[in-house]
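Here's a quick briefing on helices and charged pairs. Have the structure open while you read.

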Amino acid sequence: MTSTHAQWGSRLGFILAATGSAVGLGNIWKFPYMTGVSGGSAFVITYLLCIALIGVPILVMEWLIGRRAQKNPIQAMEHVAVSENRSRGWKWLGISGVLGAFLILSFYSVIGGWALDYLLLTGSGTFSGMTGKETGAVFEGFLANSNSLLVWHTVFMALTMGIVAMGVTSGLERASKIMMPALVVVLLILVANGILATDSFGRTLQFLFTPDWSAVNGNVVLAALGHAFFTLSLGMGIMTAYGAYLGKDVNLLGAARTVVLLDTLIALMAGLAIFPLVFSHGLEPSSGPGLIFVTLPIAFGNMPAGTLLGTLFFILLTFAALTSSMSLLEPVVALLEEKTPLGRKSATLLAGSVIWLLGVASLLSFNHWSDVQIMGNNIFDFLDKLTSKFMLPLTGLGIIIFAGWFMNQESIRKELGLEGTGYTIWSVVSRFVAPLGVIAVFVSMLLG
C-alpha cells in the first residue's frame, strides 16, 4: 500500500521520535519521585512488569494498526476494521485518541511555557541566594501574571508548530535526532555534578535503588500500571500516527523494547541528577510538581555554578516538553492533511492555533478565570482529569480489545514474527492480561 504520508528516514529516527514522545515532563520529576517513595528498585521491577504486560502490547498494536493503514489515526482504525470485516464504528477509538492529544497539548503547552520562563529566570541568576519562601513567591507571582503565561505559552506553541510544520523527516525526525542526544548529554552532566560536587550521591542510590518490597502494595502496583500506560503516549493517537510512517522492515517488538528501555533509563538518570541536589541542600524529595519550580531553584540559587547547572536543567526540561508536544500535535495535523485540502504547513497552523486558543483558557484558570469551575475543577485541572482518567484509558482499552479479539490473530502472529511459546505468551498477554490491567487502572482512577 502506498502511504499518503512521508516515511521515517531511518529506524533510528523513528526510535528517537517515539522515545521523545514517551520522555516528557513526568519523566523528569514524577518517575524518580514515585521510585523513591514506592520501594526503590522494587517499584522499578513492578513498573517494568506493567510495561511488559500492558504497555508494550498496546504500543505494538497502535504501531501495527497505523502501519497497516498508512493513514491518520481515525482513518487507520476504520480502514483496519473494514479490512477485518468489522464495524466502521471502531473509528471512534481513533477519534477519541486524536481528541485526547488535542486537549492534552492545550494545557501541556502552558506547562512547557513555564519551563521556558524558568530557563530565562535561572539563566539570569534570579534565584541566587533565595529561600524556599522566596522561590515559592516567584512561582505564585508567575501564575498570577496572565501576560507572562500568555507570552510563554505562545512561544512554546510556536516552537512546537515550527517543528511539526517541517514534516516527518525534516521536522519530527530531525528535531528528535538533535534533542534526544542533547537531553542525554545534559542529564549526564547533571549526574556527574551529583557524583562529584555533592556528598549525597550514595544516599540517592540508596533512595532510588534499595528494594523495599514491603512498600509495594495494591496502590503502588496500580500507580505503576498507570504510569506505564501514560508514559508511552498510549491512547492518544500518537503511536498510531507514528506507525503510519513505518516501513514493513521495522521489527515492532524490537522497537518497543528499545523505546521502553530508553524511556526508563532517562527517567532513572533524571532521578540521579535531581536527588543529589535535593538531599545535599536538605530539601524535601516528595514535593511533586513543586520540586521543579519551587524546590530545585533553591538548590540552584545556593550552590557553586548553580546558575549554569540550573540553566542546563531547564534546557533539559524544555527539550523533554518539546519532544512530547510535537508528538501530540502530529495526529491532529495528520488528520487535517488527509481530510482537508490543507497542506502540511497550513494544517499545522490551523491545528496549532486552535490548540493555542484553548490553552489560553487553561492559563487563565490560574488567575482571571480561577473562579470558573467545571465539575468542581478549574479549566486546567478539568482538561487534565478528563483526558488522563477517562479518555486515554478507555481508548487504550478499546484498542487492545479490538486487536486481541476482533483482528485476525494469524496475520498478527506473522507480522510480529512470533512462533510457538512466544506467540502463546503474546496471545495471553494481549487478549487477557493487558485488557484486565487497563480496566484495573481505569477503576482505580475513578475510585481515586
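A salt bridge here is a side-chain nitrogen of Lys or Arg within 4 Å of a carboxyl oxygen of Asp or Glu. By that rule, the count comes to nine salt bridges. Bear in mind that this is a predicted model, where local features need pLDDT of at least 70, side-chain atom pairs count only at pLDDT 80 or more, and totals for chains, interfaces and linings use all residues. Residues are numbered from 1 along each chain as its sequence is written, and side-chain values use heavy atoms, with hydrogens and water left out.

**Salt bridges**

- Side chains of opposite charge can pair when their charged atoms come close.
- R344 and E330 join their side chains in a salt bridge, at 2.5 Å from N to O. R344 sits in helix α15 and E330 in helix α14, so this pair ties together parts that are 14 residues apart in sequence. (Helices are DSSP runs of H or I with at least four residues, strands are runs of E with at least two, and both are numbered from the N terminus.)
- Burial labels go by relative accessible area: buried is under 20%, exposed is over 50%, and partly exposed is in between, using a 1.4 Å probe and protein chains only. R344 counts as buried at 13%, and E330 counts as buried at 0%.
- E173 pairs with K177, with the closest N and O atoms 3.5 Å apart. The two are four residues apart in helix α8, which puts about one helical turn between them. E173 is buried at 4% relative accessibility, while K177 is partly exposed at 37%.
- E419 and R413 also meet in a salt bridge, at 3.0 Å from N to O. E419 is exposed at 57% relative accessibility, whereas R413 is buried at 14%.
- R67, R68, E84 and E415 are linked in a salt-bridge network.

- The expected span is 1.5 Å times one less than the number of residues.
- There's a bend of about 40 degrees in α3 at I51, taken as the angle between axes fitted to the seven residues ending there and the seven starting there.
- α3 is mostly covered, with 24 of its 29 residues buried. Just after α3, Q70 takes a positive phi of about 55 degrees.
- α3 packs on helix α4 (residues 73-83) at an angle of about 80 degrees, with the axes 9 Å apart. That makes α3 roughly perpendicular to α4, a label that covers 65 to 115 degrees.
- On the α3 side, I65, G66, R68 and A69 meet A76, M77, H79 and V80 of α4; contact means heavy atoms within 4.5 Å.

**Helix α15**

- The 21 residues of α15 (residues 344-364) should span 30 Å, and the end C-alpha atoms are 30 Å apart, which agrees.
- Its buried residues include A347, T348, A351, G352 and I355. The buried residues of α15 pack against α5 (91-123), α7 (146-165), α8 (168-196), α14 (306-339) and α16 (379-405).

**T19 in α1**

- T19 lies in helix α1 (residues 11-22) and is buried, with a relative accessible area of 1%.
- Setting aside neighbours within four places in sequence, T19 touches M180, V259, L262 and D263.

Definitions and conventions
Axes fitted to C-alpha atoms, helices over the stretch in contact; angles between N-to-C directions. Parallel < 35°, antiparallel > 145°, perpendicular 65-115°, else oblique.
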